[in-house]
Number of protein chains: 2
Amino acid sequence: MKPGHLKETHTRSGVEDACRPIHEILGRVGDKWSVLVVQLLGHGTMRFNELRRAIDGISQKMLTTTLRNLERDGFVSRKIYPTIPPRVEYSLTDLGSELLGPVKALAEWVDVNRERIDAARTRFDERS
Amino acid sequence: MKPGHLKETHTRSGVEDACRPIHEILGRVGDKWSVLVVQLLGHGTMRFNELRRAIDGISQKMLTTTLRNLERDGFVSRKIYPTIPPRVEYSLTDLGSELLGPVKALAEWVDVNRERIDAARTRFDERS
C-alpha cells in the first residue's frame, strides 16, 4: 500500500475533473480563429470574403477549416446562393448567439483591465 | 466619389474596432495552455512539476514559456525557494484571480451546453 501514491492520483484526478469544461472549450470554441469568427458574426451575416478581409493574417484554407468546424459544432450556419460564382453566407445559429455572451464578457474584462496588463508588462520588462 | 467603397471601408473599420478586445485576449490570455494554467492555479499554488503532470501533452519548454508570459502579463506570480534542487511555486495574482471569473463563466457555458454541441456534431457527421 502506498498512501502517498494514492493521494497524488486522487489530487490529479480532481484537477482534471475541474478542468474538463476548459478542455471542451479549447477543443471547440477556444481557438484563436474560432473566437474571432464568432465575434465577427455577432454583428450579422457575412460572406466568406468579408470574413477573410476582416481577419488579419488568416489564410483561405484556415478560414475554410475554422468555418467548417464551427458549422459542425452547431455555432454557425452556412447558406449557399446558386449565383456564378456561388455566394456563400455565414451566420450565427441560436447556439452561436448564446455563446457570444460569455465570449463578450471575457472580451470586456480584457478591455477594462488592459492598462493593468500593460503596466505589469512594463514592470516585468524593466526587471528583466 | 465611390460611396460603395467608402461604405465598405467604414464597415470594415467598425468590425475591427469591435474585435479589438478579442485580439487582446487572444494574444494575452486566450491561448490554449494559458487558459489551462490559469484555471489550474485557481485551485491554489502549484509547483512546476505539479502543473506539468496536471496538463496532458504540455512539454517542459512550452510550460516554461506559458508561465513566463503569464507572469509578464501580471496574472501569475513566481516564488523560488533556495532548496536543492530549487523549488519554484506559482500562484495567481489578484489580477489573475479576477480573470478567473469570465474564464469560468465561459467554461460553465460550454459545460451546460455540451449536449447541444454533441448533438450538432452528430447531425453534421450524418449529413457528410
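Of the 14 residues of H6(A), the number buried is 0, so this helix lies largely in the open; buried here denotes 20 or more other C-beta atoms within 10 Å of the residue's own, exposed 12 or fewer, and partly exposed the range in between, with C-beta atoms placed from the backbone. The model is predicted: local features need pLDDT of at least 70 and side-chain atom pairs count only at pLDDT 80 or more, while totals for chains, interfaces and linings use all residues. Residues are numbered from 1 along each chain as its sequence is written, and chains are lettered from A and ligands numbered from 1 in the order in which they are written.

H6 of chain A covers residues 114-127 and reaches 20 Å from its first C-alpha to its last, close to the 20 Å expected, that expectation being 1.5 Å times one less than the number of residues. Helices (H or I, at least four residues) and strands (E, at least two) are DSSP runs, numbered from the N terminus.

I turn to the helix packing in chain A. Helix H2 (residues 32-41) and helix H5 (residues 94-112) of chain A pack at about 110 degrees, with their axes 10 Å apart. Axes are lines fitted to C-alpha atoms, for helices over the stretch in contact, and angles run from 0 to 180 degrees between N-to-C directions. H2(A) is therefore roughly perpendicular to H5(A), a term for angles of 65 to 115 degrees; under 35 counts as roughly parallel, over 145 as roughly antiparallel, and the rest as oblique. A:Val35, A:Val38, A:Gln39 and A:Leu41 of H2(A) meet A:Gly96, A:Leu99, A:Leu100 and A:Val103 of H5(A), contact requiring C-beta atoms, placed from the backbone, within 7 Å.

Next, the sheet of chain A. What is the order of its strands? The open sheet of 3 strands runs S1-S3-S2, with antiparallel pairing; two strands pair if DSSP finds at least two bridges between them. At the edges stand S1 (46-47) and S2 (76-81) of chain A, each pairing on one side only. S2(A) is joined by 6 bridges to S3 (residues 87-92) of chain A, and a hairpin connects S2(A) to S3(A) through 5 residues. Within S3(A), A:Glu89 is the bridge partner of A:Lys79, and A:Val88 that of A:Ile80. H2(A) lies across S1, S2 and S3 of chain A, at about 90 degrees to S3(A).

Finally, chain B. Its open sheet of 3 strands has the order S1-S3-S2, with antiparallel pairing. S1(B) is joined to S3(B) by 2 bridges, and B:Arg47 has B:Glu89 as its bridge partner in S3(B).

Definitions and conventions. Two residues are in contact if their C-beta atoms, placed from the backbone, lie within 7 Å.
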